[in-house]
Amino acid sequence: MNHHRLAIALLGTAAALATWLASAQSPAPPASTAAAAAAVALPGMPPQPDPKNIYGEIASGKFAPAVAGDLERVYVPNLRSGDVSVIDPVTAKVVDRFKVGVGPQHVVPSYDLRTLWVTNNAEGRTDGSLTPIDPHTGKPGKAVQVDDPYNMYYTPDGKSAIVVAEALRRLDFRDPKTMALQYSIATPGCPGINHADFAVDGSFAIFTCEFSGAVVKIDLVARKVLGYLQLQMPATRFKEQAAAARPKPGQPWEPGPTELCTVQRGMPQDIRSSPDGHHFYVADMHADGVHVIDPIALRQVGFIPTAIGAHGLYPSRDGTKLYVAARGTHRVHGARHGEGGVVVIDFATEKVVARWPVPGGGSPDMGNVSADGRALWLSGRYDDVVYRFDTTSGAVSTVKVGAEPHGLTVWPQPGRYSLGHTGNMR
């Protein structure tokens, strides 16, 4: 996100501002009301084999037949250089690089797993596009023009791609093959709408609102906004220290000093469900941790401090842990070699169980877990590299890529279908 986009996102009509203020200051709906509103499951979605563990089908080795023969690659969209770097994860070498549209943000696996879409949102312009990549060849195809595709998801029934038109505060539901517009849902109270996750039964999704410190709940059956939740900031957060020494290889990464959190609202980023769907976790760059919310009642029930600039969230392949990528800065545009790293949360206890630094400093952002679960691949947003974290030891290696890498995806991944982003697989 750049300052121009931030300015656009903070502008709006008086009516939109009034809508947000009313929703942000009002209490969350009662649990009974919210539960009733979300009681109807989404018709047509695949049955969940184990409702107590939505990650049971993304375990190592559980590949869908559709991905047979796909190249084993890591696809890295480079925002400032306008291209995609392709890494062979076996050799950890860049084996290809090609131009795409303006402002590539994320590489998104399609619902049917047959296409990887590069979301080129062309910040501050009107020529946004989606570039398809054939995962069997690793080569790009002809781009499709769409409005402001910052990110993209899919309805759990596979009938629609959801283009997150961030600057327009709008969700555009499109044909998943042709990208023809089906319908839109306006989200006027959600400036900076960007990341999402879905109910176990597919009945609703919750999206984060980066510039208002809130989340918005979307009824996918009735196709409407159910409500907003303003996230509560913690009393303290970690103090950013630009000149502080960074951990050396093998050196423990301890939580830094804290300071009073005087920021009035957070900057929520990625959001992911617990295995049983009872809690959703929201990474917050300004709060330096993960908000815990009850998605049915739409209320906050906890907070887990992690590290400076909490950003990306990824479940382990066995569904027991949540990896939290921390950019290492509270700023939208950070410096190189920040206080970044990965914090590991145990799903069952909601406690931090490991902390993995980037030796010498870095800026872990978005990515995903390797198919075998042994590596966590993340873009180094401000350092123009990609990190490979060993998920057993936390050891880190890097690969040089283009300028400002963002939402990379690892492919292929286990799972029956993709709900979008960089591989929200089910």
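Me: On a 1 Å grid over the protein atoms alone, a pocket is an open set of points with protein on both sides within 12 Å along at least five of seven lines, whereas a cavity is a set of points where a 1.4 Å probe fits but cannot get out. How much space lies in the largest pocket here?

Reply: About 310 Å³. That volume is the space filled by probe spheres set on the grid points, which are joined across faces, edges and corners. Before we go on: this is a predicted model, in which local features need pLDDT of at least 70 and side-chain atom pairs count only at pLDDT 80 or more, while totals for chains, interfaces and linings use all residues. Residues are numbered from 1 along each chain as its sequence is written, and side-chain values use heavy atoms, with hydrogens and water left out.

Me: What makes a residue part of the lining, and which ones lie nearest the centre of the largest pocket?

Reply: A lining residue has an atom within 4 Å of a point. For the largest pocket 22 residues line the space, and Ala 245, Pro 247, Trp 253, Glu 254 and Glu 339 lie nearest its centre. Sorting them needs a rule: Ala, Val, Leu, Ile, Met, Phe, Trp, Tyr, Cys and Pro count as nonpolar, Asp, Glu, Lys and Arg as charged, and the others, Gly among them, as polar. The lining then divides into 11 nonpolar, six polar and five charged residues.

Me: Now the charged pairs. Why is the contact of Asp 70 and Arg 114 called a salt bridge?

Reply: The term asks for a side-chain nitrogen of Lys or Arg within 4 Å of a carboxyl oxygen of Asp or Glu. For Asp 70 and Arg 114 the N to O distance is 3.2 Å, so the pair qualifies. Asp 70 lies in the loop between α3 (31-37) and β1 (73-78), Arg 114 in the loop between β4 (104-109) and β5 (116-120), so the bridge ties together parts 44 residues apart in sequence. By this rule the count comes to 19 salt bridges.

Me: How do you know whether Asp 70 is buried or exposed, and where does Arg 114 fall?

Reply: Buried means under 20% relative accessible area, exposed over 50%, and partly exposed in between (1.4 Å probe, protein chains only). Asp 70, with 10%, is buried, whereas Arg 114, at 28%, counts as partly exposed.

Me: What N to O distance do Arg 327 and Asp 365 have, and which parts does the pair tie together?

Reply: The closest N and O atoms of Arg 327 and Asp 365 are 2.6 Å apart, and the two form a salt bridge. Arg 327 lies in the loop between β24 (321-326) and β25 (341-346) and Asp 365 in strand β27 (residues 364-369), so the pair ties together parts that are 38 residues apart in sequence. Arg 327 counts as buried at 5% relative accessibility, and Asp 365 does too, at 0%. Both belong to a network of salt bridges that also links Arg 80, Arg 336, Arg 381, Asp 384 and Glu 404.

Me: What makes β23 and β26 edge strands?

Reply: Two strands pair if DSSP finds at least two bridges between them. The open sheet has the order β23-β24-β25-β26, with antiparallel pairing. Its edge strands, β23 (310-315) and β26 (351-357), each pair on one side only. Inside the sheet, six bridges join β24 to β25, and Val 324 stands opposite Val 343 in β25.

Me: Why is strand β21 called largely enclosed?

Reply: Six of the six residues of β21 (residues 289-294) are buried, so the strand is largely enclosed by the rest of the structure. Five bridges join β21 to the antiparallel strand β20 (residues 280-284), and six join β21 to β22 (residues 299-305), also antiparallel. His 291 of β21 stands opposite Val 282 and opposite Phe 303 in β22.

Definitions and conventions
Helices (H or I, at least four residues) and strands (E, at least two) are DSSP runs, numbered from the N terminus.
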